[in-house]
Amino acid sequence: MIFNIQSFFQLAQERSDLITTALWQHVEMSLISLLIAVFIAVPVGVFLAMNQKGAEPVIGTTAVVQTIPSLALLGFLIPFVGIGTLPAIIALSAYALMPILRNTYTGVKGVDPALTEAGRSMGMTYKQLLMKVQLPLAMPMIMAGIRTGMVLIVGTATLAALVGAGGLGDLIMTGLNRSNNYYILLGAIPAALLALFFDAVLRITEKKSSGSSIAPIFIVVGAAILLVAAPPAMQALNVADEEPEEIIIAGKIGAEPEIVINMYKLLIEEETNYEVTLEPGLGTTDIVFQATLNEDIDGYFEFTGTAITTLLDEEPVSNDEREAYEQAREGMLEEYDLAFLEPMAYQNTYALAVTEETEEATGVETISDLRDYEDELTAAFTFEFADRQTDGYPALQEGYGLDINNVQTMDPGLRSEALVAGDVDVIDAYSTDSYMIRYNLTALEDDENVFPPFNGAPLFREDVLLDYPEIEPILNQLGDRISEDEMMEMNYEVDENDANAEDVARNYLVEEGLLPSDSE
C-alpha cells in the first residue's frame, strides 16, 4: 500500500468518532492502571526501604511478573476474571509495579542518613520525616519509575483490544486484519502522542515537587481520579430504573465475524425488544470460546470444523457438511452445554494459497503438487494454523506427507502481504477472505480432503436460549443462506472499501427480505 497523506487525513476525519471513543477508552484504562500501580507500589516501596530485609524477594517477584508476555498474561486472566477492561487493568497494573516499586525503594533508601538524623534531632515525627524530607528528596527517582510505568502501560494497552477492552488497539488490529496501514497509524500515532502527553505532565509535576513538597503529586493524582471516576458516576445517575434485557454476542478478529454478528443483532432487535451488545474482534478461538464458557458473552459465530477439531478435539466423522454439523452440534451440547444453531450455506474452509506467478512457474494446482517443491518453498502460516493438529499444518504433514523446508508463523493480517511481496511462496488462507480477490490468489485443491467442512453458525449457551427462546428461530433464518461468493464480496466491501460492517450486514438482510428497507 502506497502511503498517501491526504487519504490518511480523510480516513481520520471519517473515523473521528471511532478515534475519539478509542482514545478515551485508552486514557481511562491507562490512568486507572497507573493509579492502581502507584497506590500499591509507592507505599510498599517506602515500607521496604524502612524494612530492607524482604525487599529483594518482593521486588524480584514483580520483575518476574514483568517477564510474562503481555498477551499470555491477558489470556491467562480470562478464565478467572473474564473479558473486557478488568483483565486488561489487572495486567497493565502488574506490568507497572516493578519500575515504580524499585525506584521508590531506591529513592527513599538513598536519602542521606545525615538529613534524616538532623530531622529527628529537630523533633520531627516519623510521618513528618517521610512527608517533608524523605519523599521530596526521593521524588525524582520515584517519578522516573512512574514515568517508565506509564510508558509501559500506554504501549501494552494496545493489546487489550484482544480481550474486548477496546482502546486504540482496536484501530491497530483493524489495520492488521485489513492490511491497512492507515488504520494502524490511526491507532499507533495517538498512542504515541498520549504517552508523550502523560510524560510531559509527569515531568512538570516532578519539577514542581522535587526537593520541596509533594503537594503537586497529590493534585495530579486527585485530578486523575476525578477524570476516571466522573463519567461512571454520571452514567450511574442517569441509569434508568429498569434496564432493557441485553444479549451479548461476540465475534473473532476479522471482517467476516463482524458482519455476521451484526446480522444477528439486526435480526434480534428487529423482531424482539431485546438489546444486543456486540463484541467484535474479541480475539482468537480460545479467547472467544472461553468467554462464552465464563458467561462473559452469551454466544458467538463459530465454524463446524473448528468446533470438531479444536474445541472437541475429535476427528471429523465425515466430509459431508450436514454430518459434520450434526457431529459438532451433538458434541458441543453434550460436552459444554452449547447449542449450535442452523449453519449457513457457505464454507470458510482452510486452504493453501499461492500467487498466480508461483502457480505459473511451478504448475502446482493441488496441495499434493507442493511435495515436488517442498525443499524450495517458504511458507507463512498463522500461529493457529501451524498448531492445529487435526486440520492445520500438522494434519497436512500427516495427510500429504508434506514437509516444507522453511515455515514461518505470522499474524493473519500480514501473511498475505508477505506472499505478494515475494517474501514467502505459500500461505494458509480462508476461502472467503477478501485478499483472495485483492491479490488474485489461487487456492490449491485439497485433493486428499484433509480439511473438514467449515460452515458458520451461531453458537450460544443453552441457558441463554432457554431464557430467550425467541432468538433461536430468528437466527435460524440465516440457515442455508449466504453463498461463498456473497460472503467474499461482503468481506471485500469491509476490508477493501472500508464499508461499515453493520451497513453491509443490513444491505444483505434487506436484499434477502429478512429486514425491511428504510423506505418501507
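**Entry 1: contacts and overall build**

I looked up sequence separation in the contacts of this predicted model. Among contacts (heavy atoms within 4.5 Å) between residues at least 6 apart in sequence, 77% join residues at least 24 apart. I noted the ground rules: residues are numbered from 1 along each chain as its sequence is written, and side-chain values use heavy atoms, with hydrogens and water left out. In this predicted model local features need pLDDT of at least 70 and side-chain atom pairs count only at pLDDT 80 or more, while totals for chains, interfaces and linings use all residues.

The C-alpha trace spans about 90 × 60 × 50 Å along its principal axes. I find 23 helices and 10 strands; these are DSSP runs numbered from the N terminus, helices being H or I of at least four residues and strands E of at least two. Of the 520 residues, 51% are buried. Buried means under 20% relative accessible area, exposed over 50%, partly exposed in between (1.4 Å probe, protein chains only).

**Entry 2: domain 1 against domain 3**

I took the bounds from the domain assignment, which is automatic or from a database. It gives domain 1 (5–238), domain 2 (247–347 + 461–512) and domain 3 (350–444). The centres of domain 1 and domain 3, over C-alpha atoms, are 42 Å apart. Their contact takes 4 residues from domain 1 and 6 residues from domain 3.

How much area do domain 1 and domain 3 bury between them? I read about 350 Å², 42% of it on carbon and sulfur atoms. Buried area is the accessible area (1.4 Å probe) that two parts lose on being put together, summed over both. In domain 1, Leu176, Asn177 and Ser179 lose the most area to domain 3, together 88% of what that side buries.

I checked for salt bridges (side-chain nitrogen of Lys or Arg within 4 Å of a carboxyl oxygen of Asp or Glu). The count between domain 1 and domain 3 is 0.

**Entry 3: positive phi**

I looked for residues other than glycine with positive phi. Most residues other than glycine have a negative phi. Glu295 has phi near 65°. Glu295 sits in the loop between helix 12 (285–293) and strand 3 (299–303). Is Glu295 buried or exposed? Glu295 is exposed, at a relative accessible area of 53%. In helix 12 I list Thr285, Ile287, Val288, Phe289, Ala291 and Thr292 as buried.

Asn449 also has a positive phi, near 50°. Asn449 lies in the loop between strand 9 (442–443) and strand 10 (456–461).
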